[in-house]
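Please open the model in your viewer and keep the selection panel at hand.

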Amino acid sequence: MPEQHAATGIDETHDAGLRSWVASANQAGCDFPVQNLPHGVFRRGGRQEGWRGGVAIGDQVLDLAAALDAGAFSGPPATACGIDAHAASALALAAAAPLNGFMAAGQASWRAVRLALSRALRAGSPLEAALAPHLVPQAAVEMGLPATIGDYTDFYASVHHATTVGALFRPDAPLLPNYKWVPIGYHGRVSSIAVSGQRFPRPRGQLKGPADAAPRQAPSARLDYELEMGIFMGPGNASGDAIALDDARSRAFGMVLLNDWSARDIQAWEYQPLGPFLAKSFATTISPWVVTMEALAPYRVEWSRAAGDPQPLPYLDEGDARATAALDIALEACLETARMRERNQPPARLSVSSFKHAYWTVAQMIAHHSSNGCPLQPGDLFGTGTQSGPAHEEAGSLLELSLGGKQPIELPDGETRTFLEDGDAVVLRAHCERAGFARIGFGDCRGEVLPAR
Ligand code: CA
């Protein structure tokens, strides 16, 4: 293994000077340079072939199964560039679909694969000739869910979102007293989670406005998106055991973008006293490439509590790790209306924010979720909750941006929105940047609203 800074997890794979022999990976603004190496599940379009594990590099996918079958990682004869047995067995897990086995393998295996792929895909690698035939253009593949997701939990980790939304639903008590003590979450539906490209009909539900004597069933008129990150779980815990915070840091496999589509009118009527139900279970979209926690290591920033806020209970205290417990992931939400699509106009930006504002860290979410003995499993998905920043224009939902529908948003082409209309597509994007390191991105998380059935 290369020399590695134990506290930061930064090693030779993060070197900003690395270039890839895959030319598109070296283009400025590319989401998938050789410093990223996210994992996903794909198959070639138009062919009868099974799902397989791949790695994104530039605008290509490296077909790991095909490369392994061809012995491409062994290197040409008489060179010492081949990978060791541990990396080879870990790569075989990364080549399989779904990725649950790879997620279960743990951090040492993830790092071995990352190092092997970095060395294989960087400029000057003796493996170039052997691996090049196993690249597939991303434009020619269909992406699948990265894992068989056993359970999906959505947290509520932006205090700014919680405060603004709380004020809209409960003007007298915007932030409930438990918020700053306990990472709030609820259990969501797995069956309606799909990767980018999801199209779904506007949900129907029970609606009851403040002036209505009784509810009626109708298509939601206040359909919204939520700009979130998703976290794929690595090794879990046995039932009854808890994952300690120190241990929790190495248990997250990686992150994706997540859009928790939300029907605000259904939500407002149904959420009391047990929380979200049909307002959020009809569709959830994630970006298909899982950016590993190893790839995110350079973009860690300090996590702290604002003066006057309670400190976390001991089982949630990041302690000495506070200096690097948060992640600065720049987030962006864009809207493409049907008219923009017809006119070939790019999606309009609605807001930008950063995951660094999250009130709770990824490790705190894992430690809290398992603290009662609830078993977490490899491939479980956590949503972080809507990642709104402190400023109004950094809000991660239309509910916040339009002040509960009172103030329409003007789009560049003159259209306006309070909530989503049929034909609207929401595109979420994210990237990390830091001086001295490469820029890495997450790819698009796109979903489109169809008319109600
Ligand atoms: Ca949510």
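Is Asp154 buried or exposed? Asp154 is buried, with a relative accessible area of 2%, where buried means under 20% and exposed over 50%, with partly exposed in between, for a 1.4 Å probe and protein chains only. This is a predicted model, in which local features need pLDDT of at least 70 and side-chain atom pairs count only at pLDDT 80 or more, while totals for chains, interfaces and linings use all residues. Residues are numbered from 1 along each chain as its sequence is written, and side-chain values use heavy atoms, with hydrogens and water left out.

Select the calcium ion next: Asp154 (OD), Glu226 (OE), Glu228 (OE) and Asp260 (OD) coordinate it at 2.2 to 2.4 Å, donors being N, O and S atoms within 2.8 Å of the metal, or 3.2 Å for Na, K and Ca; water is not among the atoms, so sites may look incomplete. Glu228 is buried too, with a relative accessible area of 0%.

Now select Leu296, which, leaving aside neighbours within four places in sequence, is in contact (heavy atoms within 4.5 Å) with Met255, Val291, Leu327, Ile329, Cys432, Ile440 and Phe442.

Finally, show helix 2 (residues 85-95) and helix 4 (residues 107-121), whose axes come within 8 Å and cross at roughly 95°; helices here are DSSP runs of H or I with at least four residues, numbered from the N terminus, and axes are lines fitted to C-alpha atoms over the stretch in contact, with angles from 0 to 180 degrees between N-to-C directions. Among the residues that meet are His86 and Ala90 in helix 2 and Ala112 and Leu117 in helix 4.

Definitions and conventions
Helices (H or I, at least four residues) and strands (E, at least two) are DSSP runs, numbered from the N terminus.
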